[in-house]
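Please give me a short briefing on this protein model.

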Amino acid sequence: MGAICVSPVGGRSYTTRRFQEEGISTEPRINDRIRASEVRLVGPNGEQVGIVRIEDALRLAAEADLDLVEVAPGARPPVTRLMDYGKFKYESAMKERAARRNQSHVLIKEQKLRPKIDKHDYETKKRNVERFLAEGDKVKVTIMFRGREQSRPELGFRLLQRLAEDVTDLGFVESSPKQDGRNMIMVLGPHKKKADAKAEKEAAKVERQAQRRADEEAEKAERAAGRAAAEATKADRGEVVRPTPDNED
């Protein structure tokens, strides 16, 4: 096990260069931990400074209040760059977190059918499959055979073919029908990605909410116009118009 030394700043402990050389640490070498006597230096904006002595590179980093980071240790000489390493690590962590948050997770839903399913049940099952595919999920369709039905696998095969054709606008056959014991299985894949389906669903939700608010405002305006018309009619007849909550100050 490598030795542990204590940083002169704040008494913070860290593993020595031996740990880094043995691959225990995945962090790049920075500042005075860089071992090379000369480096190829890249500026903070990506400009090529050239090959300089490590002392000069460290001096430029200190003058710019930046870190000297070894970005390509395998190069000869190693490639280093001037950057705010703390800010770089923070932004990288935020990008990784956002990528994980936006990563789509495709689920496999299952729908079971009998080979002699009636028309009503078939339509119900088909709507379920269409909904799953529209939401960006895969669907495992299982035909369950019982008793003598096992001797008629063609019934299940034709039923799966029919279903695949009926939902062709939303999905495709990812795994062709195959016998699995007493069952026959087919997997359908969605045309839409999970993230795209989710985005469309959210957009439709926002649109419905906006339409509902618009309808409520239109209904409110219509009621107000009706009351105003009624009050105007009473005024023309010389009737006393009693104030209402809408026209009271």
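Asp-56 and Arg-59 meet through their side chains in a salt bridge, at 3.8 Å from N to O. A salt bridge here is a side-chain nitrogen of Lys or Arg within 4 Å of a carboxyl oxygen of Asp or Glu. This is a predicted model: local features need pLDDT of at least 70, side-chain atom pairs count only at pLDDT 80 or more, and totals for chains, interfaces and linings use all residues. Residues are numbered from 1 along each chain as its sequence is written, and side-chain values use heavy atoms, with hydrogens and water left out.

**Salt bridges**

- Both Asp-56 and Arg-59 lie in helix α2, residues 54-63. They are three residues apart, about one turn of the helix.
- Helices (H or I, at least four residues) and strands (E, at least two) are DSSP runs, numbered from the N terminus.
- Asp-56 is partly exposed, because its relative accessible area is 23%. Arg-59 is also partly exposed, at 42% relative accessibility.
- How many salt bridges does a search of the whole structure find? The search finds 11.
- Side chains of opposite charge can pair when their charged atoms come close.
- Lys-89 and Glu-27 form another of these salt bridges, at 3.6 Å from N to O. Lys-89 lies in helix α3 and Glu-27 in the loop between α1 and β3, so the pair ties together parts that are 62 residues apart in sequence.
- Lys-89 is partly exposed at 39% relative accessibility. Glu-27 is partly exposed at 38%.
- Glu-154 and Arg-152 also meet in a salt bridge, at 2.4 Å from N to O. Glu-154 is partly exposed, with a relative accessible area of 31%. Arg-152 is partly exposed too, with 39%.

**The aromatic pair**

- How many aromatic pairs does a search of the whole structure find? The search finds one.
- The partners are Tyr-85 and Phe-88, and the pair is stacked. The centres are 6.2 Å apart, with 25° between the planes.
- Rings of Phe, Tyr and Trp (its six-membered ring) pair if their centres lie within 6.5 Å. Planes under 30 degrees apart count as stacked, over 60 as edge-to-face and the rest as tilted.
- Tyr-85 and Phe-88 both lie in helix α3, residues 85-102. They sit three residues apart, about one turn of the helix.
- Is Tyr-85 buried or exposed? Tyr-85 counts as buried, because its relative accessibility is 10%. Phe-88 is partly exposed, with a relative accessible area of 42%.

**A patch of positive charge**

- Lys-201, Lys-205, Arg-208, Arg-212 and Arg-213 gather in a patch of positive charge on the surface.
- Patches are made of residues with over 30% relative accessible area and no salt bridge. Like charges are joined within 9 Å, and nonpolar side chains (Val, Leu, Ile, Met, Phe, Trp, Tyr) within 5 Å.
- Lys and Arg count as positive and Asp and Glu as negative; His and the chain ends are not counted. The place of a charge is taken as NZ of Lys, CZ of Arg, CG of Asp or CD of Glu.
- Accessible areas come from the Shrake-Rupley method with a 1.4 Å probe; for residues, only the protein chains shown count as cover.
- Arg-213 is in helix α6, residues 194-236. Arg-213 is partly exposed, with a relative accessible area of 49%.

**Backbone and loops**

- A cis peptide bond joins Arg-76 and Pro-77, with omega about -5°. Pro-77 is in the loop between β5 (67-72) and β6 (79-83).
- Asn-31 is not a glycine, yet has a positive phi of about 50°. Asn-31 is in the loop between α1 and β3, and counts as partly exposed at 21% relative accessibility.
- Asp-65 is not a glycine either, and has a positive phi of about 55°. Asp-65 is in the loop between α2 and β5. Asp-65 is exposed, because its relative accessible area is 69%.
- Arg-33 is in the loop between α1 (17-21) and β3 (38-42). Arg-33 is partly exposed at 30% relative accessibility.
- Arg-33 and Leu-68 are 35 residues apart along the chain, and their C-alpha atoms are separated by 9.6 Å.

Note on methods
Buried < 20%, exposed > 50% of the residue type's maximum accessible area, 1.4 Å probe, protein only.
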